[in-house]
Amino acid sequence: MAPIHRGTTAFKKLNTALFIGGFCTFAILWGMQSLLPEMANEFNVSPALSSLVQSSTTLSLAFTLLIIGVYAHKFNQKNLMTLSLIVSSLLVILSGFLSSFGVLILFRILQGVTLAGIPAVAMAYLANAIEGKSLGFAMGLYISGSSIGGMTGRILSGFLADQFNWNSAVMGVGFISLAATALFWYLLPSVETTSHHIQQNHRIVHSFFSPFRVPGLRFLFLNGFLLSAGFVSLYNYIGFVLMEPPYSLSQTLVGFIFVVYLVGSFSSTWMGMLSDKYGNDRILTLAICLLFIGGVMTLHPSLWVIIGGIAVFTFGFFGAHSICSSWVSNFRNDHNTQATSIYLFAYYFGGAVVGTISGTLFYSTGWSGIVILIAAVAILSFLSSKRIAYYSKQIE
């Protein structure tokens with residue numbers, strides 16, 4: 001199959017399908033994040049413990065990505081992604097019938113395992129299907145679908161929880177994802193992978209460690225960890241701040257704050273195009289600076305400045321994540337699928353681990369501690385990005 005070029009019907013259908021895939025995946029993954037304050041009250045647990053509803057899914061997703069990254073070439077990518085969405089949607093619907101916190105965590109772990117089929121394959125799928133000059137734009141559209149899915153899941157679950165209960169909120173997200181999966185399957189073409197086939201155990205081990213031997217990729221993996229750590233920490237606990245005095249916002253209003261995800265949807269595509277034109281290094285630096293500024297803005301006591309800060313932070317985050325994602329796919333490496341899986345492992349591992357640990361920081365120091373964490377993450381990510389650019393030039 002010849003590379004698909006921007007502007008063609010095939011390009012539009014493919015990107016629409018992956019937009020939907022990203023939408024469903026992240027609606028399921030992040031749909032319960034806005035419910036964490038309600039979970040803390042419903043099950044009488046601390047904010048840090050309630051975050052396990054979110055971090056358990058991202059952590060199991062992270063580890064599953066490593067396994068799928070090795071064996072994904074053995075399966076039809078379209079069928080693997082479709083099955084992933086169907087099973088995950090059904091598990092979400094079943095989660096709405098649960099009344100035990102422990103069993104809910106178990107179901108969330110299972111959802112992380114089944115969801116892994118989309119992110120593990122999607123970026124490598126795009127790298128195989130799309131011609132190089134259009135990859136940044138295509139990757140941006142996929143990340144855009146992810147951001148809108150995350151936004152919709154959070155808003156919908158917050159609204160339904162206020163109107164009914166958290167059980168109805170979870171089931172609503174599941175039914176929408178299940179319906180959208182049919183359109184995903186219809187639009188997405190089957191694309192043959194160009195990854196090397198790995199048959200023997202020693203070659204499997206080699207494929208896993210191969211990306212770590214590429215110096216620039218090591219720093220890209222670090223960037224994924226850092227970016228997600230700051231992002232999840234902000235969104236896990238900002239709801240606790242806004243539902244307390246002096247803001248005292250309802251669950252629905254806190255959910256609607258996630259409308260700022262729309263700026264992330266725009267920035268992932270726009271910065272993806274800018275990186276195609278001006279280079280990954282320059283645009284990634286810009287995105288990280290915006291992330292830093294937005295995080296600091298949330299220290300202001302004004303609600304509108306806080307919301308503006310969240311928007312600026314989100315704009316920078318999704319732009320940076322989009323650029324790093326496409327950079328991993330474009331980096332010269334013999335095991336592209338495994339490299340993207342390791343990047344995503346680092347990304348979700350950072351969010352799961354730091355997102356939970358930062359709950360203790362939030363409990364002991366308040367919101368200022370979270371902002372200091374975000375600032376430190378941004379500075380480290382900036383330094384890491386310069387190493388990525390250095391090594392990228394060495395292999396050009």
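# A guided tour of the cavity and helix packing

Begin by selecting Phe-26, Ser-146, His-321, Tyr-347 and Tyr-348, which lie nearest the centre of the largest cavity among its 17 lining residues. On a 1 Å grid over the protein atoms alone, a cavity is a set of points where a 1.4 Å probe fits but cannot get out, and lining residues have an atom within 4 Å of a point. The structure is a predicted model, in which local features need pLDDT of at least 70 and side-chain atom pairs count only at pLDDT 80 or more, whereas totals for chains, interfaces and linings use all residues. Residues are numbered from 1 along each chain as its sequence is written, and side-chain values use heavy atoms, with hydrogens and water left out.

## The largest cavity

The volume of this cavity is about 130 Å³, a volume being the space filled by probe spheres set on grid points that are joined across faces, edges and corners. The model has four cavities of 30 Å³ or more.

Next, colour helices H1 (9–30), H7 (117–129), H8 (135–163), H15 (303–330) and H16 (336–365), each of which supplies at least two residues of the lining. Helices (H or I, at least four residues) are DSSP runs, numbered from the N terminus. Which helix gives the largest share of the lining? It is H8, with five residues. By class, the lining has 12 nonpolar, five polar and no charged residues. Here Ala, Val, Leu, Ile, Met, Phe, Trp, Tyr, Cys and Pro count as nonpolar, Asp, Glu, Lys and Arg as charged, and the others, Gly among them, as polar.

## H1 and its partners

H1 and H9 pack at an angle of about 160 degrees, with their axes 9 Å apart; axes are lines fitted to C-alpha atoms, for helices over the stretch in contact, and angles run from 0 to 180 degrees between N-to-C directions. The two helices are therefore roughly antiparallel to each other, a term for angles over 145 degrees. Their crossing is left-handed, meaning that the near helix is turned anticlockwise from the far one by less than a right angle. Residues of H1 including Phe-23, Cys-24 and Ala-27 meet residues of H9 including Val-173, Ala-180 and Phe-184, contact meaning heavy atoms within 4.5 Å. This contact divides into 13 nonpolar, three polar and one charged residues.

Select Thr-25, Ile-28 and Leu-29 of H1 with Arg-108, Gln-111 and Leu-115 of H6 to see the contact. By class it has three nonpolar, two polar and one charged residues.

## Two loops

Most residues other than glycine have a negative phi, and most peptide bonds are trans. Select Asn-44, in the loop between H2 (36–42) and H3 (47–50): its phi is near 55 degrees, a positive value in a residue other than glycine.

Finish at Pro-246, in the loop between H11 (215–242) and H12 (251–256). A cis peptide bond joins Pro-245 and Pro-246, with omega about 10 degrees.

Conventions: On a 1 Å grid over the protein atoms alone, a cavity is a set of points where a 1.4 Å probe fits but cannot get out, and a pocket is an open set with protein on both sides within 12 Å along at least five of seven lines; lining residues have an atom within 4 Å of a point. Angles under 35 degrees count as roughly parallel, over 145 as roughly antiparallel, 65 to 115 as roughly perpendicular and the rest as oblique.
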